[in-house]
Amino acid sequence: MAFLETATVEGTDVLYKLNPAAKKYTLRDNGFTETKSGNFQLIRPLDATPQSKEGFKLKITVSKDIKTLKMSITTANGLKSVNLFKDEKHKMNQDKFFFLMDGMIDRGLFEKVVK
């Protein structure tokens, strides 16, 4: 998956882009860690209990120049991308995804893109 100026997860049509005011410290303050290649990555569980080792994870990677990003929802081991929005039994996970993204928008990290 390539870095793009706008990104979304499989199954939803809400697009996100980086806020132009976002800086490296903004990413770090929001839980992103710097990878060996200089990019910034955030992995958050989408389960009811954060201690659970099962379930889905939100994975967001921001390029080192803080201009492009990629995001996906993966299985617990992080190896396979999944479509969380194809089944209503994952409603709680869907709500948690939007809650996490809205929180990062409120903190000035992302913006929703209007089509």
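User: Are F85 and F97 buried or exposed?

Analyst: This is a predicted model, and the two rings form an edge-to-face aromatic pair, with 6.0 Å from centre to centre and 80° between the planes. As for their accessibility, F85 and F97 are both buried.

User: What is the angle between the planes of F97 and F98?

Analyst: F97 has a relative accessible area of 0% and is therefore buried, while F98, at 25%, is partly exposed. Their rings form an aromatic pair with a centre-to-centre distance of 5.1 Å, and the pair is edge-to-face, the angle between the planes being 65°.

User: Which element gives the largest share of the largest nonpolar core?

Analyst: The largest nonpolar core has 27 residues, and those with the most contacts inside it are F32, I60 and I73. Two or more residues come from each of strand 2 (15-18), strand 4 (40-45), strand 5 (57-62), strand 6 (69-74) and helix 2 (91-106). The largest share is four residues, and the element that gives it is helix 2.

User: Which residues does F32 touch, leaving aside those up to four places away in sequence?

Analyst: F32 is one of the residues with the most contacts inside the largest nonpolar core. With residues up to four places away in sequence left out of the count, the contacts of F32 are L27, F40, Q41, L42, I60, V62, M104, L109 and F110.

User: Which residue has a positive phi although it is not a glycine, and what is the value?

Analyst: The residue is I66, which is found in the loop between strand 5 and strand 6. I66 counts as buried because its relative accessibility is 16%, and the cut-off for buried is under 20%. Although I66 is not a glycine, its phi is positive, at about 55°.

User: How far from the centre of the ring of F3 is the charged end of K70?

Analyst: This contact involves a charge and an aromatic ring, with the charged end of K70 sitting over the ring of F3. The distance from the ring centre is 4.7 Å.

Key. Residues are numbered from 1 along each chain as its sequence is written. This is a predicted model: local features need pLDDT of at least 70, side-chain atom pairs count only at pLDDT 80 or more; totals for chains, interfaces and linings use all residues. Side-chain values use heavy atoms; hydrogens and water are left out. A nonpolar core is a set of buried Ala, Val, Leu, Ile, Met, Phe, Trp, Tyr and Cys residues joined through side-chain atoms within 4.5 Å. Buried means under 20% relative accessible area, exposed over 50%, partly exposed in between (1.4 Å probe, protein chains only). Contact means heavy atoms within 4.5 Å. Rings of Phe, Tyr and Trp (its six-membered ring) pair if their centres lie within 6.5 Å; planes under 30 degrees apart count as stacked, over 60 as edge-to-face and the rest as tilted. A charge sits over a ring if NZ of Lys or CZ of Arg is within 6 Å of the ring centre and within 35 degrees of the ring normal.
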